[in-house]
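Please look over the structure shown here, with attention to how its parts are put together. The notes that follow are grouped by topic.

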There are 2 protein chains.
Amino acid sequence: MRRSTQAIDVSLASVAVALILLIAAAWNPVFAQEPLPSWNDTPAKARIMDFVKATVTEGGNGYVAPSDRIAVFDNDGTLWSEQPYYTQLGFVLDRVKALAPRHPEWKTKEPFKSVLAGDMKGIARGGEKGIVDLVMATHAGMTTEEFSKTVSDWFATARHPRTGKPYTEMTYVPMRELLDYLRANGFSTYIVSGGGVEFMRPVTERIYGIPPEQVVGSTIATQYDLVSDVPVLKRLPKIDFIDDGPGKPVGINKFVGARPIFVAGNSDGDYEMMRWTTAGEGPSFAMLVHHTDADREYAYDRESAFGKLDKALDEAERRNWLVVDMKRDWKTIFAFQ
Amino acid sequence: MRRSTQAIDVSLASVAVALILLIAAAWNPVFAQEPLPSWNDTPAKARIMDFVKATVTEGGNGYVAPSDRIAVFDNDGTLWSEQPYYTQLGFVLDRVKALAPRHPEWKTKEPFKSVLAGDMKGIARGGEKGIVDLVMATHAGMTTEEFSKTVSDWFATARHPRTGKPYTEMTYVPMRELLDYLRANGFSTYIVSGGGVEFMRPVTERIYGIPPEQVVGSTIATQYDLVSDVPVLKRLPKIDFIDDGPGKPVGINKFVGARPIFVAGNSDGDYEMMRWTTAGEGPSFAMLVHHTDADREYAYDRESAFGKLDKALDEAERRNWLVVDMKRDWKTIFAFQ
């Protein structure tokens with residue numbers, strides 16, 4: 001008795017779902033809208049769309065099975081702004097200030113002293129070691145859940161130094177449309193960033209539609225521990241993996257376990273990931289976001305402290321990678337503009 | 001013109017998909033079948049089904065949002081047999097034999113000498129260092145793609161020493177049904193195994209329906225390199241991460257970025273993952289597969305060299321984790337029986 005009742009329930013539910021799909025297909029304006037509306041009608045848009053259309057055209061030369069439609073995106077400077085400094089550095093600076101009352105010794109100890117004095121040149125003088133000290137002081141020594149909550153709370157209140165907008169609104173509308181367009185065509189979309197994976201995961205689903213398990217990034221060592229017999233993961237002051245430059249293909253292989261066919265980046269830190277993605281046997285596509293719009297965003301490339309684009313820009317021409325010119329190719333950059 | 005044509009094409013395709021779903025819902029016998037048919041009607045099956053039904057019942061106490069329905073499964077001894085030794089050890093032994101002609105020094109050098117002589121006690125005398133030497137000699141020194149092909153080729157021909165069946169048929173039918181059942185109820189299913197991630201990924205999609213990106217395992221260090229200007233990832237003779245014991249929650253946090261609500265294991269190596277999974281705020285479920293059937297599979301627990309189950313068995317009672325008795329609870333174990 002129970003068996004057949006359940007079968008009928010399931011069938012009815014499925015019929016309802018199918019009917020909803022039918023109605024949605026016939027009426028939903030999304031289906032009738034041209035994709036990538038914030039892109040100008042320049043060759044960049046056409047090249048992207050030609051590639052994607054080919055991957056879904058069964059029987060064609062460019063066809064790619066859905067399970068192989070893997071797209072990877074750098075984050076800083078590719079999906080959201082990385083100027084005047086990386087978002088995660090903004091987090092570090094704010095956290096040092098917030099934690100300073102618990103660390104009176106920071107008043108006289110570099111690189112903390114420079115941070116508390118707002119002295120960016122002093123921070124720069126500390127070099128890589130100074131940055132690592134700052135990261136460890138603000139990213140380690142707590143549980144993964146405590147860190148995640150700290151990050152979420154910070155994103156809720158922190159503001160971009162130039163626009164005064166939340167950092168989560170500093171995302172590029174054309175790139176969010178590109179993520180949507182790829183997913184609508186059966187692609188899986190991943191972030192592959194030099195940023196910390198646990199710094200990004202609390203917000204990527206909401207701002208990009210990318211769930212935690214599709215975020216690849218740098219990791220800090222963590223350790224299982226019991227606190228009052230409750231299992232926790234503690235973040236240790238030790239780098240586990242740097243997902244940048246030659247680390248990006250390593251990270252993709254480790255987390256995703258397959259070679260992507262679509263890659264988007266904006267700096268030399270994405271070069272090896274672009275080489276590896278485009279060295280597969282089948283069709284592939286690589287694009288660079290070139291920051292050319294000082295009015296609406298920023299203009300920088302070969303000389304920039306953040307997101308330096310030099311070697312990869314030369315190679316893009318040689319290898320026929322698409323270079324997206326933000327000023328020329330994008331109708332809108334930020335949603336708030 | 002182009003715009004409206006495309007819109008019509010998409011709508012027609014969607015209508016077709018919806019119609020197929022309608023027909024499938026009405027006629028597909030899968031919808032009418034009771035889940036977990038290879039499980040006996042013992043309390044174990046009922047407990048699993050009660051939990052899953054609660055997670056999908058909106059408005060109920062046990063409801064869990066689809067994005068949080070994450071299930072993690074150990075592999076060796078939980079999804080496939082780990083006796084008389086781990087499948088991956090079978091691979092190591094076969095690879096040493098296959099590579100021996102290129103390594104004449106192995107004839108007199110331990111632990112290789114013992115492997116070539118089929119002397120399992122000699123291998124055991126080499127201890128952990130000997131095992132690491134064997135793993136590195138067979139798992140490193142090639143590109144990731146070469147290794148993947150070697151693994152696939154091995155699985156195609158290797159046979160289980162007792163049953164003479166391919167290792168890929170040594171999977172437990174009731175557990176494959178459980179994976180299907182969970183997925184049908186909106187769960188994401190992950191493998192979280194002490195085994196090498198690149199040893200499992202070539203077969204997990206085919207035998208469990210689990211794609212590469214949902215396999216978490218131990219990793220070897222890899223390095224991006226150019227060979228004749230072609231980018232490759234080289235496997236180095238260096239452990240990157242051991243996904244066992246306290247490493248399992250660490251691996252889940254790193255790869256998945258969220259706490260699971262369902263966990264299945266069979267040994268003390270799964271204990272910390274079970275503790276961490278069941279320490280979340282919402283509903284959770286933990287189960288142990290207890291190997292009690294010497295006739296149809298193997299019977300072992302507290303004294304076993306592979307898959308030792310001692311502490312976790314004691315804790316299961318204390319913590320009300322489900323202990324599945326293979327002999328009592330499973331109608332079928334292997335599909336070929």
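**Briefing on the predicted model**

In chain A, strands β3(A) and β4(A) run antiparallel and are joined by eight bridges, where strands (E, at least two residues) and helices (H or I, at least four) are DSSP runs numbered from the N terminus, and two strands count as paired if DSSP finds at least two bridges between them. This is a predicted model, in which local features need pLDDT of at least 70 and side-chain atom pairs count only at pLDDT 80 or more, whereas totals for chains, interfaces and linings use all residues. Residues are numbered from 1 along each chain as its sequence is written, while chains are lettered from A and ligands numbered from 1 in the order in which they are written.

**Helix α10 of chain A**

- The buried residues of α10(A) include V197(A), F199(A), M200(A) and Y208(A), together with the charged E198(A) and R201(A), a residue being buried if 20 or more other C-beta atoms, placed from the backbone, lie within 10 Å of its own, exposed if 12 or fewer, and partly exposed in between.
- These buried residues pack against α4 (87-99), α8 (144-157), α9 (173-184), β2 and β3 of chain A, and α10(A) is followed by G209(A), whose phi is positive, near 70°.

**Domains of chain A**

- Chain A is divided into domain 1 (35-84 + 166-329) and domain 2 (87-157), with bounds that come from an automatic or database domain assignment.
- Between the two domains, 18 residues of domain 1 are in contact with 16 residues of domain 2, contact meaning that the C-beta atoms, placed from the backbone, lie within 7 Å.
- On the side of domain 1 that touches domain 2, at least two residues each come from β2 (188-196), α10 (197-208), β3 (215-227) and β4 (230-241) of chain A, and β4(A) gives the most, with six residues.
- The residues of that side of domain 1 divide into 11 nonpolar, four polar and three charged, where Ala, Val, Leu, Ile, Met, Phe, Trp, Tyr, Cys and Pro count as nonpolar, Asp, Glu, Lys and Arg as charged, and the others, Gly among them, as polar.

**Chain A as a whole**

- Chain A has 14 helices and eight strands, and 40% of its 337 residues count as buried.
- The C-alpha atoms of chain A fill a box of roughly 70 × 65 × 40 Å, taken along the principal axes.
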